[in-house]
Amino acid sequence: MTAERARIGIIGFGYIGSYVYEQVTTRPELGMDVAFVYNRTPGRISAVPEEVILEDLGDFASRQADLIVELAHPDISRKYGVEFLRTADYMPMSLTVFADAELDAQLRGAAESSGTCIYIPHGAIVGLEALEEGRQMWEEVSIVMKKPTRSLDFANSPQFDPQAIDSETVLFEGSTRDICPLFPRNVNSHAAVALGGIGFDDTRSVLVADPSLETSIIEVEARGGGVEIKVRRENPMVGVSGVFTLVACLASIGRACAPGSGLRIC
Ligand SMILES: NC(=O)c1ccc[n+]([C@@H]2O[C@H](COP(=O)([O-])OP(=O)(O)OC[C@H]3O[C@@H](n4cnc5c(N)ncnc54)[C@H](O)[C@@H]3O)[C@@H](O)[C@H]2O)c1
């Protein structure tokens, strides 16, 4: 990214998107301007100046964003990711989409051939850069996530009845590749661990629903070559996201404004 003040395109105006918009527009010291805001439901962004609103996401190139940030749904990357990367850097927050190996290759290919960058925000994963630094060393990497049942979206996993979960219940234990399609809106942090570390097939994911929890608890462990890392993070939930995710996401957007290309952890 070369512009003095980075132009940011914001997709999604929910919990995280509205926070990022508010911060970028009220804190000039962040060094960013809003190139556009797109939301599927236009009514939600009625407070955004008309000239900033992008009605058709297919018209994104007309706004000349330096960095496009997806804060909406994995479908955005599926539909527009390759196109975005032809002209702009791209930071998807909905990382579960990278479990689709074909799409992952297409996105990386588009970034490489265009000299643009895919930024992987660390989100809920404290120490993601350490997982990346030790990538050659790790024999095992795992993520165990415990969430309040109310924070889980069961739309892609009808085999579970959330009403019937009355105590701590293990919903999944297996590869990160396999959990992503089951809970695409809830296990983005698992995908971040896989992307930063040893990949979707070799990373072990565990998801636990607990109706008595008010917070999301994430425990990440990496072991190999005599090195051991254990990180635990607990965070109150709003909808599908944790409150600390807001500041983490904003900080990642700030880091993404530094020059670079390829796929980068930030
Ligand atoms: N990487 C991480 O660690 C991490 C952490 C938290 C959330 N997330 C992901 O970030 C995204 C945003 O989170 P949030 O808490 O702000 O969600 P949210 O539900 O509060 O807001 C999402 C917004 O996107 C819009 N939207 C939904 N589907 C859409 C679609 N297909 N096309 C266009 N717009 C669409 C909704 O109308 C809403 O305004 C979610 O996908 C969430 O799973 C990632």
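## Basis

Residue numbers start from 1 along each chain as its sequence is written. The model is predicted, and local features need pLDDT of at least 70, side-chain atom pairs count only at pLDDT 80 or more, and totals for chains, interfaces and linings use all residues.

## Domains

The domain assignment gives domain 1 (6-124 + 245-265) and domain 2 (128-242); such bounds come from an automatic or database assignment. Their C-alpha centres lie 23 Å apart. In contact (C-beta atoms, placed from the backbone, within 7 Å) are 15 residues of domain 1 and 23 residues of domain 2. The side of domain 1 that touches domain 2 has 10 nonpolar, five polar and no charged residues. Here Ala, Val, Leu, Ile, Met, Phe, Trp, Tyr, Cys and Pro count as nonpolar, Asp, Glu, Lys and Arg as charged, and the others, Gly among them, as polar.

## Sheet

An open, mixed sheet has six strands in the order β7-β8-β6-β9-β10-β11. Strands (E, at least two residues) and helices (H or I, at least four) are DSSP runs numbered from the N terminus, and two strands pair if DSSP finds at least two bridges between them. β7 (169-175) and β11 (241-242) are at the edges with a single partner strand each, so one side of each has no neighbour in the sheet.

β9 (residues 215-224) and β10 (residues 227-238) pair in the antiparallel sense over 10 bridges. V220 has V231 in β10 as its bridge partner.

## Ligand shell

The shell residues comprise 12 nonpolar, 13 polar and four charged. At least two shell residues come from each of α1 (15-26), α2 (75-87) and α6.

Methods: Contact = placed C-beta atoms within 7 Å.
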